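Please look over the sequence and the structure shown here before reading on.

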Protein chains: 2
Amino acid sequence: MSDPYPQPIVTIDVVLLTLKDGELHAAVALREREPQAGQWTLPGGFVHADEDQDALAAAVRILREKAGLESPYLEQLQTFANRHRDSRGWSVSIAHYALVPLAEVERSGDARVKWLAVDSIRTLPFDHLEILRTAVSRVRSKTLYSSLPVHLMPKTFTLSELQRVYEQLLGSSLDKRSFRRRIEELDVVEPAPAGRAAGQAHRPAQHYRIKRRAGRELAMAERNLGIRD
Amino acid sequence: MSDPYPQPIVTIDVVLLTLKDGELHAAVALREREPQAGQWTLPGGFVHADEDQDALAAAVRILREKAGLESPYLEQLQTFANRHRDSRGWSVSIAHYALVPLAEVERSGDARVKWLAVDSIRTLPFDHLEILRTAVSRVRSKTLYSSLPVHLMPKTFTLSELQRVYEQLLGSSLDKRSFRRRIEELDVVEPAPAGRAAGQAHRPAQHYRIKRRAGRELAMAERNLGIRD
DNA sequence: TTAATAGTGTCTGTCAGACACTATGTG
DNA sequence: CACATAGTGTCTGACAGACACTATTAA
C-alpha cells in the first residue's frame, strides 16, 4: 500500500536496569536533540533501517552506543503508541527492558548515563515514566515465578546472594528452603567449578552460574509465554 | 529529532479469534492492495493519525471497518518489527489480539472476513502466521491462570458451558469441582437474574454473565501484569 | 570453642484433584 | 419412577512454608 496517510514517528526506548545498594536503578541518558534536549530520558533512538535487522537488534545497538554495554538480557516490553506522547505528533515507541549486573555497569563505566533508584524517580520527559513503571512492574512480577533476576547477578554468585536479590525486588523475605527448591526446579543455574577462595569466618558457599542453555532457552521460553505480568 | 533516517512503515494487525464447533477460529480478510493483493491476511491497516487516539483505538477502528465488530475484548499482543517481514522494506506491525463470542460474529454477518480453524492454518502472507501462532499461544497460556476465555462466551452462559470452552482451548479435561472453585475465586462472573427457561429433561443450570467491573478492571490488570505467556 | 553463614531434614497446614454424593428438572 | 445434567461434600496426596538441625570455615 502506498497510502497517503502520514506515517508516525518510530523509536526504540530501553529501560536499562541494574541492582545497586539493594535497590533497582534505571539508566537515564542526556538527550542531545529537540524535543526535550538537555533532559535526562530513557536511552532511545531511531531504527537504522540499513544496519538493524529487527527491533531487538536496534535495542542492542542503542545500548551499545548510549551505555557502552554489550550483551545484557534484553526483551521487548510493550509498544507505546499514541498522539500525545511526543510533541512532534503521532509516535510509536517499541519499548524494551534490559537487565545488567552491576559489575558490567562498573566495568563499562560509561559517563553518558546516570543511574537513578527507580522508586525515587518522580518524573521523566515524554511518557518515559509510564514506560519505566511498566518495565519495573513486569520485572517484579516475573520475579514471582521465573528466574529472571539471575540476569542481575555477576558471573558467579551464591544462592544466598541470589535470594537477597529476589527479596530486594519483591520487598519481602523468602524462606530459604522454599527458595532453594524453586531455583533447583527452574534448572537455570549450575555449580561454578571453582568458587573464590573463602576468607570468611564461616562455611563458604557453593558458587553458581547461569546454565549456558538456560541463558538462551529461558529467554526464549519467557518471551513465548508472553507477558503474564 | 528531524533525523535523516528513513522511517519504517507502521501497521496495526489484529488476530481476531472466536470459538466455533469447539475449535478456535481466526478471521482473515481479503487484501485489496499490493503487496499480497488478493490474499487472505490478518485484518490490518495503517494508523490514521487524525482519527486514532492510540494504537488500541486504531485496532478498534480496523475491527469495525474490516469485520463489522463493535467491542470485542482487545489487547496488545506484541510488536513485530524487522527488515524482512514486508517486501516494502523495514516495517513494524503493532499486533493485537481480540476475542469475540460466536453470537457476535453471526450477528454482524460480515462477508468480508472468512473464519479458519487456527490449527489447520498452515500458511499466511507476510509473517502473519507467526503473529497468529503467538496470539493463539498467548490465549491458551492465559487460559491456564486467568478468566480470559469468558470473552468468548455469549451474554449469559452456564458454568458447564464455560468449562467446555476452557477444555477445548486447553485440549484436556478439567475437574468440575476445581474448575468451579477457580472461577469463583477469580470473581469475574455473577449469576444472571433470569436464565432461559429450561426445556430439558434434567436440572436446569444457573446462568452467569461477566461482572461489569470485572470486564474493564480485569483487562487492565491482565495488561499491567504483562505477558506471562 | 565460638561465631557466623551454608545447606538439609522433616513436620504441617493448605489446597487442588478425585470422586461420590445430592439436587432438580422432564417424560 | 428413570434419566440426565447441575451442583456440593469431603477425602487425600502433593507441596510450599516454617523451622530446627547439621556442616564447615576462621579466629
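DNA strand C is surrounded by 20 residues, of which A:Lys176, A:Gln206, B:Arg181, B:Ala201 and B:Arg203 are the closest, a residue being near a strand if one of its heavy atoms lies within 4 Å of it. This is a predicted model, in which local features need pLDDT of at least 70 and side-chain atom pairs count only at pLDDT 80 or more, while totals for chains, interfaces and linings use all residues. Residues are numbered from 1 along each chain as its sequence is written, chains are lettered from A and ligands numbered from 1 in the order in which they are written, and side-chain values use heavy atoms, with hydrogens and water left out.

**DNA strand C**
- A backbone N or O atom of A:Gln206 lies 2.6 Å from a phosphate oxygen of DNA strand C, a polar contact being a pair of N or O atoms within 3.5 Å.
- A polar backbone atom of B:Arg203 is 3.0 Å from a base oxygen of DNA strand C.
- Of the atoms of DNA strand C within 4 Å of the protein, 46% belong to sugar or phosphate, and the rest belong to bases.

**DNA strand D**
- Among the 20 residues around DNA strand D, those that come nearest are A:Arg181, A:His202, A:Arg203, B:Lys176 and B:Gln206.
- The side chain of A:Arg181 has an N or O atom 2.6 Å from a base nitrogen of DNA strand D.
- A polar side-chain atom of B:Arg180 lies 3.3 Å from a phosphate oxygen of DNA strand D.

Technical notes. Polar contact = N/O pair within 3.5 Å; in protein donor to acceptor, adjacent residues only side chain to side chain.
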